[in-house]
Amino acid sequence: MSNTKGSKHDDCKNFIPVDAAKGLCAWTNEMIAIDSECCPKFEELPKCKNCKSFVDRTKDGLGNCVGLEDKSFWAYGEMPAVNCQGWNN
Amino acid sequence: MTELDLQRKKKLGDILAEKGLGMNFQYGGKAPEEIVDREFQDLKPHPRVEKLYDLYLNTLSSVSMEFGYWYNRTYAQHEYEIPVYRRAKALAVAFAKTTPLIIPGELIVCCKARYYRGSFPMPQLSEGFFLAHEDEMYQEALKRGGESSGELSRVGAGGGNVTESFGKIVSIAGKFGIRAEEVPALNKIAKAWYKKSVDDLGNRWEREVPEYDLKEKIMRTMICMFDSGYTLPQGREVMSYYYPLEYGFDGLLAMCEEKKAEVAGNASGDGISGMDRLYFYASCIELIKGIQTWIENYAKEARRLKQYTHDPKLLADYDKISACCEWIAHKQPRTFYEAMQMIQFMHTITLNEDALSGMSPGRLGQVLWPWFEQDVAAGRITEDEALELLELQRVKFTCFDVFASFGVVGGVLSGNTFNNLAVGGLTRTGEPATNRLEYLMIHAGMTMPCPQPTLSILWDEKIPEDFVLKCAECTKIGTGYPAWFSFRMGTEFIWNHYQKEGMTLEEARSYAIGGCLETAPAVWKVLHLGGKEYEVPAGASQPAAVGVHFISNPKILEMVLFNGYDNRTGIQVFEPHGKKLESFDEIWEVYKDYYAKTIDVLCKCNNIQHDIWRKNNMCIIQSLFKPDCLDKGHHIGDMGYRWNGTYNIESCGTINMVNAFVALDKLVFQDKKYTLDDFRKAILANFGFYKADEIDSFSLAEQVKKDDGDEFDAIHGDCLQAPKYGNDDIAADKYLILWEKWFTKVAHTFESLFGLELYTCQNSVSTHGTQGRACLATPDGRLYGTTFADGSMSAYPGTDRNGPYALFKSATCWDQSWSQNSQMNMKIHPLAIKGENGTRHLADLIKAYLRRGAHHIQFNVCDSKVMRQAQANPEQHRDLLVRVAGFTQYWVEIGKHIQDEVIARTEYESI
Ligand code: SF4
């Protein structure tokens with residue numbers, strides 16, 4: 001369980017995205033809007049925005065990733081990092 | 001004009017009806033007042049399938065950046081690598097990193113992106129169209145002719161299309177939704193490809209063609225619909241599933257390692273490309289590893305999802321999925337279920353490499369037969385369980401979206417992806433190839449009606465009658481599939497064309513349909529399973545609809561009549577011919593000259609685009625899957641496939657052109673009733689009618705006359721009354737013969753980038769709507785902006801007055817085996833073929849046409865009133881399916897100009 005402040009459902013591990021607007025909660029199998037309020041069961045999904053290697057963040061959600069082989073490359077905070085070996089929190 | 005203004009004005013259909021010249025949109029009787037439903041509406045899919053399909057119907061077409069991000073990052077990281085290896089690395093990492101998505105209840109898993117109906121942009125092909133509108137680069141891209149098709153294209157306003165931005169969802173191309181948070185990443189990636197994409201580089205180099213200026217004008221005036229090399233460079237071809245199904249991915253890895261060692265440093269007598277084999281095999285190895293990780297990630301995701309449920313059924317599903325994915329990531333599938341899952345992975349992997357449509361499973365029932373046969377015999381699966389899997393596959397395939405530009409998705413594809421599954425045909429040795437699994441595939445098309453995979457039957461006299469009747473029953477449910485093809489005509493075309501590349505008749509028999517109607521060659525491969533050997537077909541060709549696409553035949557005639565000048569845009573397209581056009585022969589000569597010039601410049605420019613594509617964005621995935629790349633050590637760009645002469649010329653509006661020739665020749669040169677100037681004046685005045693765009697209606701009968709439009713009544717009436725194609729009237733059909741004799745032969749005088757002859761492809765997809773909108777009135781009486789007749793053999797709506805057999809005789813007045821395809825659409829009222837007798841009548845009708853030497857026919861079995869209702873209340877008809885040109889699509893997801901044309905097609909009340 002984590003702090004849900006400022007988070008949306010597609011920031012949560014328990015969320016199964018269906019489309020850009022909505023998805024299923026894996027616990028309830030209910031359809032929920034991505035932008036509706038998260039519940040206390042929220043668990044943070046690895047994304048670039050919660051990785052320590054995501055630096056120089058800009059207000060439009062972009063930044064730099066310094067956590068991988070290429071040393072530095074732009075990244076976007078919303079990208080899921082479930083399969084990123086460099087994700088570090 | 002307001003709605004009320006419109007109501008007060010006269011429509012063409014009413015005007016003609018008053019004069020006793022009704023456009024006769026119903027043949028063979030009158031449809032009852034009440035709406036008649038299609039048959040077999042009580043069939044239902046399995047409950048889990050129904051749930052997943054309901055979810056699909058409520059899912060928006062959505063785009064995410066994850067796959068594209070990893071592709072681009074890795075591509076940048078390997079800037080100085082050999083191009084093929086660089087691209088393989090980028091693809092492999094993108095597959096390995098993309099987050100898997102499994103929806104509870106699914107048994108067959110794998111999505112293109114992390115959305116149920118997800119896709120992603122590929123700016124490496126073309127970046128301009130999704131750059132922000134105010135962006136200077138986008139404006140520059142707009143100036144280029146290749147993008148102008150977007151201006152006149154329409155995507156259907158309903159269904160899963162995100163036609164407008166809402167909340168935090170931004171609409172792209174009027175179809176896809178993307179999270180606003182991801183837009184900066186999209187723009188960043190798009191900008192990175194500015195002047196580097198296949199589109200931009202292709203454009204830079206095609207300018208070297210001396211006649212480039214003509215090409216630009218041809219595109220701007222919509223004489224041609226779209227560029228080929230960067231829009232949908234792959235597709236309209238048949239998949240080969242053979243290699244992973246036979247060897248498993250570990251087997252392929254071992255094979256590539258062995259081959260790599262064999263060729264490293266050896267040219268083997270080929271000083272030009274012998275050395276390239278090393279890089280190709282090394283690329284395949286990278287790619288296979290990425291694919292394996294992707295599949296394993298699905299196994300992991302299935303295991304992860306177990307934590308959320310105690311439902312034993314769901315837990316069993318997850319166990320089944322994870323065990324299957326773990327196995328097929330490495331080995332040959334053991335069961336029908338594993339083979340089905342392998343197909344899903346292979347198909348999705350292929351779709352993720354390029355923007356592509358028409359990636360067809362081909363004769364999948366024959367490919368999967370070994371697993372089905374052995375599982376059923378061993379009691380591992382029941383037919384009902386197999387049916388459920390086939391239904392699940394239909395939903396998964398329907399979820400596929402192709403992300404391409406507005407002009408392509410709306411104007412050509414109508415949002416469709418054309419994954420064509422063929423049944424029937426003959427084996428290598430000429431026996432019927434149908435099997436019990438194909439029967440179930442047709443049945444799944446009935447229990448789970450949805451657009452993909454669309455179905456085609458390769459009909460031959462030897463196909464068992466009960467199978468033919470099953471297919472006819474399926475046609476009656478009104479989804480528009482299966483489309484009916486003559487196997488003999490297809491084989492004849494394929495064999496004639498590919499003999500130059502060494503094809504035998506036995507090999508020709510392995511063909512299937514790629515895309516809507518593209519006859520695509522294949523080969524036979526020997527598959528081993530459970531100690532038995534089977535011969536299965538495997539697609540083995542380049543895309544069978546790339547090259548020169550689509551030339552508007554009526555628009556070329558317009559150019560002839562107006563001395564090469566386009567009145568819509570004010571562009572002088574061709575050098576003025578300056579001829580007086582004193583005979584039909586003279587018109588025909590100029591027509592051929594303009595047409596040949598059009599093909600010539602488009603062919604050269606598209607060759608360059610495709611060449612850039614094969615050098616910088618070559619296909620590696622299909623090269624891994626398709627014969628004979630692994631044997632030769634060459635990818636598609638280096639002619640690794642067995643059959644490479646697939647490039648062609650697609651036309652649009654053939655029947656309007658034919659009817660226009662008839663009217664001109666008769667009224668100007670034979671009867672001398674009007675001069676060509678009379679015609680020019682009437683065309684420029686649109687025969688006294690409003691333009692279709694002004695009244696937002698695109699079928700002829702609905703066109704509205706201006707208050708002062710009477711001046712052209714006589715000439716318009718004569719044009720409409722001139723003989724028309726589709727009535728077994730040689731006075732009209734002789735112009736079709738004239739056209740086909742020239743068009744199908746002239747195509748062979750042009751050459752693709754592979755140095756092989758072009759041929760003709762005659763299906764319009766949705767371009768008859770878009771290109772109709774760019775075409776002034778035509779001498780056949782058609783009005784400005786209205787949709788052309790679809791395909792190439794369908795009659796213009798309302799003009800086939802002598803019944804189906806007369807139409808068939810007209811359509812077969814030429815030898816259809818000269819062309820890759822031809823296309824015939826018919827609309828039949830459900831009552832006309834009701835019951836068992838109706839099914840037999842329908843089958844007899846089809847056979848009668850195909851036996852005459854036709855290539856193809858397909859049907860909309862639907863009461864036109866349902867379509868009208870759906871147009872008025874789309875929200876009540878989310879799942880209504882119709883056949884458009886060569887594909888089935890949701891009514892609510894097609895544009896209005898196509899909807900109007902489908903409604904207007906002649907409805908047969910009896911056959
Ligand atoms: S290391 Fe991975 S998760 Fe972290 S910022 Fe880089 S790409 Fe994102």
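Are Phe67(B) and Phe120(B) buried or exposed? In this predicted model, in which local features need pLDDT of at least 70, side-chain atom pairs count only at pLDDT 80 or more, and totals for chains, interfaces and linings use all residues, side-chain values use heavy atoms, with hydrogens and water left out. Residues are numbered from 1 along each chain as its sequence is written, while chains are lettered from A and ligands numbered from 1 in the order in which they are written.

Both Phe67(B) and Phe120(B) are buried (under 20% relative accessible area, with a 1.4 Å probe and protein chains only; exposed is over 50%, and partly exposed lies in between). The rings of Phe67(B) and Phe120(B) are stacked, because their centres are 4.5 Å apart and their planes at 25°. Phe67(B) belongs to helix 4 (residues 66–77) of chain B and Phe120(B) to the loop between strand 3 (118–119) and helix 6 (136–143), so the pair ties together parts 53 residues apart in sequence. Helices (H or I, at least four residues) and strands (E, at least two) are DSSP runs, numbered from the N terminus.

Helix 18 (residues 465–476) of chain B is largely enclosed by the rest of the structure, because nine of its 12 residues are buried. Among these are Phe467(B), Leu469(B) and Cys471(B). Just after helix 18, Gly478(B) adopts a positive phi of about 90°.

Key
Rings of Phe, Tyr and Trp (its six-membered ring) pair if their centres lie within 6.5 Å; planes under 30 degrees apart count as stacked, over 60 as edge-to-face and the rest as tilted.
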